[in-house]
Amino acid sequence: MKFMIERPVLAMILFAAVLVMGIYSVSHSSIELVPDEKLPALSISAAWYGASAEMVLQRVALPIEEEVLGVKWTSRVETQCHEGSCSLRAEFSRAADMDFVHVLLKERMNKLRERLPAQVALPRVLAYEPDEFKKKPFFTVSFFGDASVFTTRNRVEREVAPLLRGIPGLQGVEITGGVPMVVRITTDMDRMKTLGIDTGRLLQALSLSFYSIVSVTARDHGKEIALALANPARDVKDLEGVVVGNFAGRPVFLRDVARAGMGYQEMREEGRYNGQPTVVVDVFKQPQVSTMALARRIRADLDRLGRRFKDKLEFKVVRDESEELAERLSGLARIALLILAVIFIVLFLTVRDWRGSLLIFASVFFSVFATFTAIYIFNIPLNLLTLSGFALGFGMFVDNAVVVYDSILRLREKGFSRELAALEGPRRVFVPVLASTFTTIIVFFSFAWFQGRLRVYYLPLAWVISIALLCSVVVAYTLVPPLAARAGFRFTPEKKGRRHGVYGFFLRYPLFVILPVVAVLAFSFLLFREKVTFGRFFSWYEKQSLYVWLRLPAGSEFADVRDALLKFEKVALEKKYERQINASIHENSAVMEITFPPEVEFSAAPYALKAELIAVAQNLAGVGIGISGFDPEGYYYSPDNGSFMPYSIQIKGYDFQRLLKLCDNLKKSLLLHRRISEVSVQTDKGYAWGSGGRYFNLRPDFAALRRYGLDPAYLLQLVSTVIAPRGALPRLRVGDREYEAEIRMKESAGIELRELLDKEFASASGRPFRLRDVVTVEERQVKGGILRENQEFVAFVRWDYLGSNKAGERVYKAVYKNLELPPGFSKSEEEQRWMMKEEEQQQLNWAMGLSLLMVFLIIAILYESLLQTLLIMISIPLALIGVYFAFVIADFPFDSTAYVGVILLFGVVVNNAIILVDHINHYVRQGVPMRQAIAQGSFERIRPIFLTTATGVFGALPLVLFRQGEQTDIWSALALCMVGGLTASAILVPIVIPVFYDLLERLRSYLRSVMPQI
C-alpha cells in the first residue's frame, strides 16, 4: 500500500491497463441468452410410428433401459412412452466422464438396433437439458412460395440446408413441414405368387444390394465421427435391376414383381406461418459461439441465396435469438446504468464531496472491468443470468472502498495529514474488510454441492460475485489510498467531548431494545408464514405468447387434426392488429403459438383473443385441448379426464397392473367425497390434457400358422407392407442423397380393417391364405402414455375439488396422510416443473446450514473469540425481520432464488456488525471506559454502515421495481431479500449490537469473578 502511495504514476498505469483489458475482454466474450451447462445426464429417444405406448415400452424402451442401466455410473433412469415414441432421461454420477458415456451409449444403441423392430430407427442419444433451458432453435426460418409445399421442401433440402450446414459454429439443421421424398416400391401380389417370390426375400435382396448403414461411432481429434458402409444406386431405376429370386432356372428381377420410383411420404406433419403452409428450418448453434456474429452471418447468407433463387421462393425469419438477446441486454444495460447512477447519487448525498464520491464510485468501475478480465481469462461463460447477477452486485462492490475511504476520512477529521491518514486508515480496517469479504464469499462454497438446475442457475452467480468481491478488495487498497493521499477531500474536524446520550440510555435499559426486537421478529415471522407462498422454483421470464395444444385420439386422421387446428387459426387470422401465428401439426397432435409486438403484447388484445380461443375449444368434442398464456388461468380439457385437475398423488410400483388397481381403488374412494366430482388415473405426466385411445391387436393363431407353413416374422412383414410401409426397409442411398424407403402392396392405400382381414396372401411356399384365417382381432383401450422411474411404473391420481383452495388443500393433505399402500409401492406428491423438488429443497436447506456454519467459523478464526462471534451473528436474525416484511409487502413468492438470497444475506449482513464491533474493540484496546467505547465506536460507524447499506439497497432496488412483464426475474426475489435484509440491518444493528456487546462484557466480567480461570 505504501508502495502504491509513493508511486502514483504506476498506479495510474496499472488501472489504465485494467480498463483496456476489461474493454477487450467484454468485446471478445460470447454472451448467451441462457446457460449452456452440461449436466451429467443424457436423453435417449426412439420412434415407432403407430405403435401403442405399451408396445413401445415392451419392444423398445425396456431394451434401451437395459443398456443404460448396464453403464456403471448410472444413478437414475426415467422412461416415458407415448403412442409412437419413447424418451429416456438417464442421470449419472458426477464422477462419470460424460463424453465417454455419450460415445458408449451411442455404440450400444447401434448394436441394439438389430434387436429392435424393423420400423424403429436408430435411437438418438443427446445431452439432456432442463426443461427451462431446453435447447430451442437458435434461428428459425419459414420458406414458402407459389409452388407446392412438397416442392418447397425439396428445394430447401437441396439449396438451403447445405448452405447453412457449411457455416462454422452451427450444431445442426432440422427441417419440418411438407414431406420429404421417399423411394417407393409398389409390389404386385399376384405376380409375386406366380413367380414364387415372398416379401421377406424381396426385402432381404434390396437391403443387401443398396445400403447405407452406420456401423460404429469413434473419436477423432476430439470430435465424434461415424463410420458407415455405403453402396449407393446411381438412379432409382437401378433398384428394379436387383435380383430378388429365381423361377424355372431364370433370375427374377424386382421389375418383374414391383415398380420402384420416387414419391412423397404420407402427410404426417405440417408447418404453418400466418395461415400459410410453410417449410420450417430450425438452426441449432454450438456452445461458446457468438450469438450475435452467427446470426448476422446466417442472415447475410440467406439474403445472398434469396437473390439467386430462379423463381419465387420467399422466406421469413420467425425466430432469431440474437434479437431477443440484444433486447434483453439493452434492458439490462439500462437497469445497470440506473443502478450505477443511484449509487453515485447516494454517495454524493452522503459524502457531500464530489471528489470523494467520484473516488468511491471509480472503485466500482475498475472492479467491474477487473472482473470481466478474470472471467475472460478463466473462460467463465457469460449469459443473461450471470450478467444480471453481476448488476445485482454493484452495490456490494463499493462496500470495501467505502470502508477504506471512511477510515481515511475519519483520521483526517482527527487531524492526521493526508499521507499519514491514507497510510494508517486502510491498515486500521484491514481485518474488518478482510472478514466482511470472506464471510460473503464463503457462503458460496455451499453452491458447489448443488445438483441439477440449482447448479445451472446459481453456481455462475457464485463465481461472478466471488471474483468481483476479491477484485473490489484489491481495487480498494490500491486505488483509494494513493488518490486520497493527493486529493483534498472536504471534511469537518471532530468536535471534542461529544456525548452520545441515546446510547447511554439504551445501555442502561437494554430491555427497551431487546423486548421490542424479539416481539417484532416473532410477529414478522408469523405474518410471513401466513401471507407468503413457498415451494416454487423461480419463473424465468420469456416473451409472452398464446399457446393452443390439441391432442386427438389415437388413430385419428391427419386431416382431422389439421381441421381442428384451423378452427383456432381462423380466429387469430381475423384480427387486424399485428401478430405472428406459428403452427405445427403432427399425427394426433398439434400446437399453435401466437406472439405479438410490444405495443399489442401489453394491451388487452391478447386476453380478448384468449377468451375467443377458449370459446372455440368449448365447442369441440373428443379433442384434448390446452390453452395458456397471458395469465395464470388456462383452459385444459381431456375427453378422458375432463377439465384441469390441480390435486395429484403420485404412486410407484414394479407391478403395472396392480398399480392400476390401487389407483382405481383410490379413485373410487375419492368419488365418495361430495365435493370431488372428477377423478382421473393417468400413467404419464406429459399429456395431462391428452387421452389414450383404441387399438386393434392382431393375435396370431400359432396352430393355424403351422398349418399354412407361416413364420410370425414373415406375417409381420407382410402386414407392414399394407398398413405400415415406412420402416420396413433401411434408408437407401440414391446418387448423393439418402432417402427413406417404403414398400407397399398395390391398391393397399386406405384399406379398411375388414378388407385387410379378407385379403388373400400367399405363404413363402405359395400356399394362399386370408389374414382372418391365422389371426384373431382384439380391441383394447390403452393409456396415452406410460412412465417409469428407475424401473418402477408411475401413476398419478388427479382430482378437482369444488370449494376454496384452502379447503381443497386440507382434503388433499388428509387423503395423502391416510393413503396406505402395500409393500413394494410408494406414494409422493407430484413434482411440478415450476415447483421445487424435495431434493432441491433439501439441498437449499443444507446450503443454508453450511453457510451459517462457515460464516461463524470465519469470524471466530479472525477474532479468536466465540462470544464476539456470537455477537456478530445476532445481525442475521435482525436482517431476517426485514426479509419477512419485504416479502409480505411486495407479495412475492418465496421461491428458490429467495433461498439463495437468504444464503447471500448471511454473508453480507454480518459486515455491518463486523465493522461496528471491530471499531468498539479499537477503543476498548486504547483503554477507553467500556460504555464510552461502545457509544463512541458505534456512533462513528453509523456513516459507513449507512453508506454500504444505501449502496446495497438502492443498487438492488431497480431489479425489484423494474421487472420484465408481470413475472419476477431470476434475481428479483434475491434482490428483495437484499433490500429488506440490509434495510433492517442498517436500522437495528447500530442499536441492538451495542446493547448485546455491553451485556456480553458484563457476563464475561461476572464469569471471571466467579471462575478466575476463564
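Among contacts in the protein chain between residues at least 6 apart in sequence, what percentage join residues at least 24 apart? In this predicted model, the share is 78%. The protein chain has 1014 residues, of which 53% count as buried, and its secondary structure comprises 34 helices and 34 strands.

**Cavities**

- The structure contains five cavities of 30 Å³ or more, and the largest cavity has a volume of about 200 Å³.
- Seventeen residues line the largest cavity, and those lying nearest its centre are Met396, Asp399, Ser436, Val908 and Asn911.
- By residue class, the lining of the largest cavity divides into eight nonpolar residues, eight polar residues and one charged residue.
- At least two residues of this lining are supplied by each of the helices H14 (399–413), H16 (430–442), H31 (896–925) and H33 (942–961), and the largest share, five residues, comes from H16.

**Helix H16**

- The 13 residues of H16 should span 18 Å at 1.5 Å a residue, and this agrees with the end C-alpha atoms, which are 18 Å apart.
- The buried residues of H16 are Pro432, Val433, Ala435, Ser436, Thr437, Thr439, Thr440, Ile441 and Ile442; Ser436 is also among the residues lying nearest the centre of the largest cavity.
- These buried residues of H16 pack against H14, helix H15 (418–428), helix H17 (452–484), helix H28 (838–863) and H31, and of these partners H14 and H31 are also among the helices that supply at least two residues each to the lining of the largest cavity.

**Helix H4**

- At the start of H4, a side-chain oxygen of aspartate 97 comes to within 3.2 Å of the backbone nitrogen of aspartate 99.
- Buried positions in H4 are Met98, Val101, His102, Val103, Leu104, Leu105, Met109, Asn110 and Leu112.
- An α-helix has 3.6 residues a turn, so residues three or four places apart point the same way.

**Buried residues in a strand and a helix**

- Serine 545 belongs to strand S18 (residues 545–551), and because its relative accessibility is 5%, under the 20% limit, serine 545 counts as buried.
- The side chain of serine 545 makes a polar contact with the side chain of glutamate 593, at 3.1 Å.
- When residues up to four places away in sequence are not counted, serine 545 touches Glu593, Ile594, Thr595, Ser628, Gly629 and Phe630.
- Glutamate 321 has its place in helix H10 (residues 321–351), and with a relative accessibility of 11% glutamate 321 likewise counts as buried.
- Apart from its neighbours within four places in sequence, glutamate 321 is in contact with Glu32, Leu33, Phe138 and Thr291.

**Loop residues**

- Although 73 residues separate aspartate 701 from valine 774 in sequence, the two are 5.2 Å apart in space, C-alpha to C-alpha, and aspartate 701 touches both Val774 and Val775, with residues up to four places away in sequence not counted.
- Alanine 248 is located in the loop between strand S11 (243–247) and strand S12 (250–253), and has a positive phi of about 55 degrees although it is not a glycine.
- With a relative accessibility of 72%, alanine 248 counts as exposed.
- Aspartate 891 is found in the loop between helix H30 (875–890) and H31, and, in a residue other than glycine, its phi has a positive value near 60 degrees.
- Aspartate 891 is exposed, with a relative accessible area of 59%.

Conventions. Residues are numbered from 1 along each chain as its sequence is written. This is a predicted model: local features need pLDDT of at least 70, side-chain atom pairs count only at pLDDT 80 or more; totals for chains, interfaces and linings use all residues. Side-chain values use heavy atoms; hydrogens and water are left out. Buried means under 20% relative accessible area, exposed over 50%, partly exposed in between (1.4 Å probe, protein chains only). Helices (H or I, at least four residues) and strands (E, at least two) are DSSP runs, numbered from the N terminus. A polar contact is a pair of N or O atoms within 3.5 Å; within protein, one must be able to donate a hydrogen and the other to accept it, and residues adjacent in sequence count only if both atoms are side-chain atoms. On a 1 Å grid over the protein atoms alone, a cavity is a set of points where a 1.4 Å probe fits but cannot get out, and a pocket is an open set with protein on both sides within 12 Å along at least five of seven lines; lining residues have an atom within 4 Å of a point. Grid points are joined across faces, edges and corners, and a volume is the space filled by probe spheres set on the points. Ala, Val, Leu, Ile, Met, Phe, Trp, Tyr, Cys and Pro count as nonpolar, Asp, Glu, Lys and Arg as charged, and the others, Gly among them, as polar. Contact means heavy atoms within 4.5 Å. The expected span of a helix is 1.5 Å times one less than its number of residues.
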